[in-house]
Amino acid sequence: MKTDNIITMTDSYKVSHHRFYPPGIQKVYSYLESREGATAFPYTLFFGLQYYLKQLEGVQVTTEKINEAEALFQEHFGRADVFNRAGWEYIRDTHGGKLPVVIRAIPEGTKTPIGTVLMTIENTDPHCAWLVNYLETFLMKVWYPITVATQSHYLREKIAENLRDTGDESGVIFKCHDFGYRGVSSEETARIGGAAHLVSFMGTDTFGAISLLRDVYGTGMPGYSIPATEHSIICSFGGEVNEIEALTHVLKAYPSGLLACVSDTFNIYKACETFGTTLKDLVMARQGTLVIRPDSGDFFEVVPKCLEILWSHFGGSVNEKGFKVLDPHVRIIQGDGMDKESIPALYGRLKHLGWSGDNLAVGSGGGLLQKMNRDTLRFAIKASAVLVNGEWRDVQKDPITDPGKKSKAGQWSTFRRGNEIISAPITLARPGYHEIMETVFEDGEVKTRLTFDEVKANASA
């Protein structure tokens, strides 16, 4: 299936807009923001634009693509006067098929308050003002990696806060593992969402993210996994009566390093007892850690009970902060039901019961990559200024029925002073602030490329 024709990658109604703009229009200036009133997270972490810009680079408009789009839209609208063939032919002939727009954005990995202008787009040719918001549909998809990156960063902060109180914060990068590959809507969703998670963590089973980050952000190996079982492994040994045989085989299969074993195929508590009695010598002989995984039930009850069983057999220590830490041969990972609310809550529950966060890692699937939409952080791209017959006009929507949808007016940018980041009209003097938006795309060429290490450094800062 062909998906590379930018002319057809837009909302249908936008195809008609070239006839609606006022006579004499020369430029449209639009911006991207997470609108005021978004409450899912207290900030945004900007990530993913480079992936989309790479797809806009180079020759995008050809005769073949124009012909294809014209035929499709003529049939789609049932009329021949909607499609802007002349406009696309102008881009083909005058700009060699490259898109005459300039996109400016804050550096990827930057953490900003809600309401910050994250990106602007403006046409560079006065004959192509209609093109700016035509591209909104494609560029708006950046809401998804930004939202995933924001959520994972938020979770890292919450888990790190727990570890500062109860254990060792240095291990936070492997405390939230991406289990989301099978639960997302498409391969592309897995790649870009999984990549966004890796801005803040380094544990993933969403392998598609690895190739994206290597191709688009020039990184080495950005994420890691470990050998782990699934229920089919345990079941294939012949049912619950043969579970000890199954668990023995699993332990012997990988006698060193980290090893995860899903253990609620039948009775999670019995499995923990088995590891601590019949199989204890095998567990203690391993040169590494066995990570036991509950996968069902009320995790607020199941996880603490599993910890108590393991403590009774393997013991451990009380750290200098006064919290219990299991013997390093055993740990727990909770993967069922984990999302932005339950993960901090589970770590909080263990803290309340006297357990260090060092004992626990979490895995998240749908809650990490799928349980969100564009309105989670109220993302919007809106026109804020137009140039008509040589005169700039402010553009602003201000619906009386929803003040929260009031948009910005004028040409805006984003500025930093120390740790403070603000957005403001470019005409407004801001002593002591410096602009952090930069040109990332112009006339078909990606102008700024960050490595993944640079993105992560921005996020850490």
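**Note on the predicted model: burial, packing and backbone points**

1. Ala105 is buried, at 1% relative accessible area (buried means under 20%, exposed over 50%, partly exposed in between, with a 1.4 Å probe and protein chains only). This is a predicted model, in which local features need pLDDT of at least 70 and side-chain atom pairs count only at pLDDT 80 or more, while totals for chains, interfaces and linings use all residues. Residues are numbered from 1 along each chain as its sequence is written, and side-chain values use heavy atoms, with hydrogens and water left out.

2. Ala105 belongs to strand 3 (residues 101-105); helices (H or I, at least four residues) and strands (E, at least two) are DSSP runs numbered from the N terminus. Setting aside neighbours within four places in sequence, Ala105 has contacts (heavy atoms within 4.5 Å) with Phe46, Leu49, Leu118, Met119, Ile436, Met437, Glu438 and Val440. Its C-alpha atom is 17 Å from that of Gly410, a residue 305 places away along the chain.

3. A polar atom of the Ser384 side chain is 2.6 Å from the backbone oxygen of Gly410. That distance falls under the definition of a polar contact (a pair of N or O atoms within 3.5 Å; within protein, one must be able to donate a hydrogen and the other to accept it, and residues adjacent in sequence count only if both atoms are side-chain atoms). Ser384 counts as buried because its relative accessibility is 0%. Not counting residues up to four places away in sequence, Ser384 touches Tyr29, Ser30, Tyr31, Arg393, Asp394, Val395, Lys408, Ala409 and Gly410.

4. Two residues other than glycine have positive phi and may be checked by eye. Arg378 has phi near 50° and sits in the loop between helix 15 (366-369) and strand 13; at 17% relative accessibility, Arg378 counts as buried. Asp443 has phi of about 50° and sits in the loop between strand 18 (438-442) and strand 19 (445-446). With a relative accessible area of 33%, Asp443 is partly exposed.

5. In helix 11 (residues 268-276), the buried residues are Ile268, Ala271, Cys272, Thr274, Phe275 and Gly276. They pack against helix 10 (243-253), strand 7 (259-262), helix 12 (280-285), strand 8 (290-293) and helix 13 (299-314). The N-terminal end of helix 11 is capped by Asn267, with a side-chain oxygen 3.0 Å from the backbone nitrogen of Tyr269.

6. In helix 16 (residues 452-460), Phe452, Val455, Lys456 and Ala459 are the buried residues. Viewed down the helix axis, they fall within an arc of 95°, so they line one face of helix 16 (the arc is that of the directions from the helix axis to the C-beta atoms). Their cover includes strand 2 (43-45), helix 6 (143-166), helix 7 (187-197) and helix 8 (208-217).

7. For the protein as a whole, there are 16 helices and 19 strands, and 54% of the 461 residues are buried. Taken along the principal axes, the C-alpha atoms fill a box of roughly 85 × 50 × 40 Å. Of the contacts between residues at least 6 apart in sequence, 75% join residues at least 24 apart.
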